[in-house]
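Hi,

Here is the structure I said I would pass on.

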Amino acid sequence: MAGTAPVMRLRRPRWKDPRLIVGIILVVASVLMGALLVSRLAATVPVLVVRSPIVPGDVIDPEDLTTVQLRLGEQEDLYVGTVEAIPEGAVATSAIQAGELLPLSAVGQASDVPLRPIVIPVDTTVAESVAPGAKVELWHTGSAPEDGGTGKAELLVSDGIVRHIDEGSSLGMRSMSVEVLVPRDDLAAVLQVLAQEERLDVIGVPGAYGVTP
């Protein structure tokens, strides 16, 4: 008589089975982590918004800021949430436009700003085409060939920032100047052009903030 094949029977899992317990723990942990992540992404947090343009070197004044509630999710640590978080005497290290969030990376000390202010006389039309915080270029045009120059235009500064626009008067005539922040490494070249009283043009970067077409 031929032998019969053994019958394999499945045993019901026991609650004390370590593999079952570990599986349940992993499932519960993943559910909790997912719920925590969704809750964090959906939660609003306070964040500071700039009311008016701030240029590098400006002291960050609480009166120029307002607080709003936003959903920042994982970007929460990139922005300043409260006025109390701003160190005393802190200045802006980069340009911040009105309506923008205050980045934590833009808060520092005066020694952190690699820019220097320089006042440049300009035509009225130039001064009226830019606003504080606008990005501008500085172009130097040499004297004419008949005067010993090349007459060629040269880009001296590609990333200047307008800090202030000054309107003055001299003998009843209207004169204007623009205070521009330029990189420290470009300062010597700009000063040399001004000292030689050669042409230095302030050109607004098309499409940039504060530049009128």
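**What I found**

The protein chain has an accessible surface of about 14,400 Å², and carbon and sulfur atoms hold 57% of that. Keep in mind as you read that this is a predicted model. Of the 213 residues in the protein chain, 29% are buried.

The average pLDDT of the protein chain is 82, and 77% of the residues score at least 70. Confidence is highest in strand S4 (residues 107–108), at 96, and lowest in H1, where the mean is 68. Where pLDDT is low, the predicted coordinates should not be read in detail.

Now the layout. You will find three helices and nine strands in the protein chain. Starting at the N terminus, their order is α-β-β-β-β-β-α-β-β-β-α-β. If you take the contacts with a separation of 6 or more, 63% of them are between residues 24 or more positions apart.

Helix H1 (residues 18–42) is where you will find leucine 32. That leucine 32 counts as exposed follows from its relative accessible area of 56%, since the cut-off for exposed is over 50%. Together with Ile24 and Val28, Leu32 makes up a nonpolar patch on the surface, and the accessible area of the three comes to about 260 Å².

Strand S1 (residues 45–50) is mostly covered, with five of its six residues buried. S1 runs antiparallel to strand S2 (residues 65–70), and six bridges join the two. If you want a place to start looking, valine 45 sits opposite leucine 70 in S2.

How many salt bridges does the count come to? The answer is two. One of them joins the side chains of arginine 163 and glutamate 179, at 3.6 Å from N to O. Arginine 163 belongs to strand S7 (residues 153–170) and glutamate 179 to strand S8 (residues 173–183), so this pair ties together parts that are 16 residues apart in sequence. Arginine 163 is partly exposed, at 30% relative accessibility. Another salt bridge is between aspartate 201 and arginine 199, where the closest N and O atoms are 2.8 Å apart. Arginine 199 is exposed, with a relative accessible area of 53%.

Strand S8 also holds serine 177. Is serine 177 buried or exposed? Its relative accessible area is 13%, so serine 177 is buried, the cut-off for that being under 20%. Leaving aside residues up to four places away in sequence, serine 177 touches Val119, Ile120, Pro121, Val122, His164, Ile165 and Asp166.

Last, a loop residue. Proline 132 is in the loop between helix H2 (124–127) and strand S6 (135–141). With a relative accessibility of 36%, proline 132 is partly exposed. Its contacts, again without residues up to four places away in sequence, are Pro53, Val55, Val162, Arg163, Ile165 and Tyr209. Proline 132 and valine 180 are 48 residues apart in sequence, while their C-alpha atoms are 9.1 Å apart in space.

That's it from me. Send me your questions once you have had a look.

Cheers

Note on methods: Residues numbered from 1 in each chain as written. Predicted model: local features only at pLDDT ≥ 70, side-chain atom pairs only at ≥ 80, totals over all residues. Heavy atoms only, no water. Salt bridge = Lys/Arg side-chain N within 4 Å of Asp/Glu carboxyl O. Helix = DSSP H or I, 4+ residues; strand = E, 2+ residues; numbered from the N terminus. Buried < 20%, exposed > 50% of the residue type's maximum accessible area, 1.4 Å probe, protein only. Pairing = 2+ DSSP bridges. Contact = heavy atoms within 4.5 Å. Areas by Shrake-Rupley, 256 points an atom, 1.4 Å probe, with all protein chains shown as cover. Patch = residues over 30% accessible without salt bridge, like charges linked within 9 Å, V, L, I, M, F, W, Y side chains within 5 Å. pLDDT = per-residue confidence, 0-100.
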